[in-house]
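Hello,

Here is the structure I promised to pass on. Please load it first, then read my notes below.

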Amino acid sequence: MSTGYITLRVFSADRAMPVPKAQVRIVDLRIALDQTITTDAYGNADRIKVYAPEKEISLKPQDAQSPYETYNIEVVRDGYIPTIVNNV
């Protein structure tokens, strides 16, 4: 098992302004990952450590295992429409 990272920045859709204090939730129920972090004043979230398949898997196209992992991301902040992006 390898480690990867997800880095997020949250901006408003209408003015492309940073969204501070947004709650960002990363979920993958298959591996029991459910982590919530909060964005800073510039809309940045801390880097999140996640599971990633071994690099060698991507070099074997015949391998049945996917060479990447996907996660679901939910962003919530008062005054904004909650947003869910699946399979990131």
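Predicted model: local features only at pLDDT ≥ 70, side-chain atom pairs only at ≥ 80, totals over all residues.

Start with the bridge partner of Ile73: in S6, this is Val85. Strand S5 covers residues 72-76 and is joined to S6 by three bridges. The two strands run antiparallel.

**The four-stranded sheet**

S5 and S6 are part of an open sheet of four strands. Its order is S3-S2-S5-S6, and the pairing is antiparallel. Strand S3 (33-38) and strand S6 (83-85) form the edges, each pairing on one side only. On average, neighbouring strands of this sheet are turned by 15 degrees against each other, direction ignored.

**S1 and S4**

Strand S1 takes in residues 2-6 and pairs with S4 over five bridges. The sense is antiparallel here too.

S4 itself spans residues 48-52.

**Confidence**

Mean pLDDT for the protein chain is 89. Of its residues, 99% reach 70 or more. Where is confidence lowest, and where highest? The lowest is in S4, with a mean of 86. The highest is in S5, at 96.

Best wishes

Note on methods
Residues numbered from 1 in each chain as written. Heavy atoms only, no water. Pairing = 2+ DSSP bridges. Axes fitted to C-alpha atoms, helices over the stretch in contact; angles between N-to-C directions. Buried < 20%, exposed > 50% of the residue type's maximum accessible area, 1.4 Å probe, protein only. pLDDT = per-residue confidence, 0-100.
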